[in-house]
Amino acid sequence: QVQLVESGGGLVQAGGSLRLSCAASGTIFSITVMDWYRQAPGKQRELVASITSGGSTNYEDSVKGRFTISRDNAKNTLYLQLNSLKPEDTAVYYCKFGTMRRGTWNEYWGQGTQVTVSS
């Protein structure tokens, strides 16, 4: 069973930076899109950033210009660079890989990594 393992979360002051990583424990074929989500206490999980197999990226409005999503296809690893962090960025961050193989859509989720931004 392939698992996604996240790392890089932590406590940082406002204005600081973090880099999140999400690595697959095994080989995942036919990855179509890789996403980062976040969920703050008492709020619904929201999509933060996405990157397709072709390299196209998309960002939630509040993180545009501050966060950068990237991927290493050879390593099946996803990254999220978080700059100019704000207290409202505090949340558990989750990665997700979406695959389409032989007409079947599958999703793999990470366990989440806590990001806490102090004011």
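Reply: This is a predicted model, in which local features need pLDDT of at least 70, side-chain atom pairs count only at pLDDT 80 or more, and totals for chains, interfaces and linings use all residues. Residues are numbered from 1 along each chain as its sequence is written, and side-chain values use heavy atoms, with hydrogens and water left out.

Me: Over the ring of which residue does Arg19 lie?
Reply: A charge counts as over a ring if NZ of Lys or CZ of Arg is within 6 Å of the ring centre and within 35 degrees of the ring normal. Arg19 is 4.0 Å from the ring centre, over the face of Tyr79.

Me: How far from the ring centre of Tyr94 is the charged end of Arg45?
Reply: The charged end of Arg45 sits over that ring. Its distance from the centre of Tyr94 is 3.7 Å.

Me: What is the angle between the planes of Tyr37 and Trp109?
Reply: Rings of Phe, Tyr and Trp (its six-membered ring) pair if their centres lie within 6.5 Å; planes under 30 degrees apart are stacked, over 60 edge-to-face, and the rest tilted. The whole structure has one aromatic pair. Tyr37 and Trp109 are 5.0 Å apart centre to centre and form a tilted pair, with a plane angle of 50°.

Me: Is Tyr37 buried or exposed?
Reply: Buried means under 20% relative accessible area, exposed over 50%, and partly exposed in between (1.4 Å probe, protein chains only). Trp109, at 34%, is partly exposed. Tyr37 has a relative accessible area of 16%, so Tyr37 is buried.
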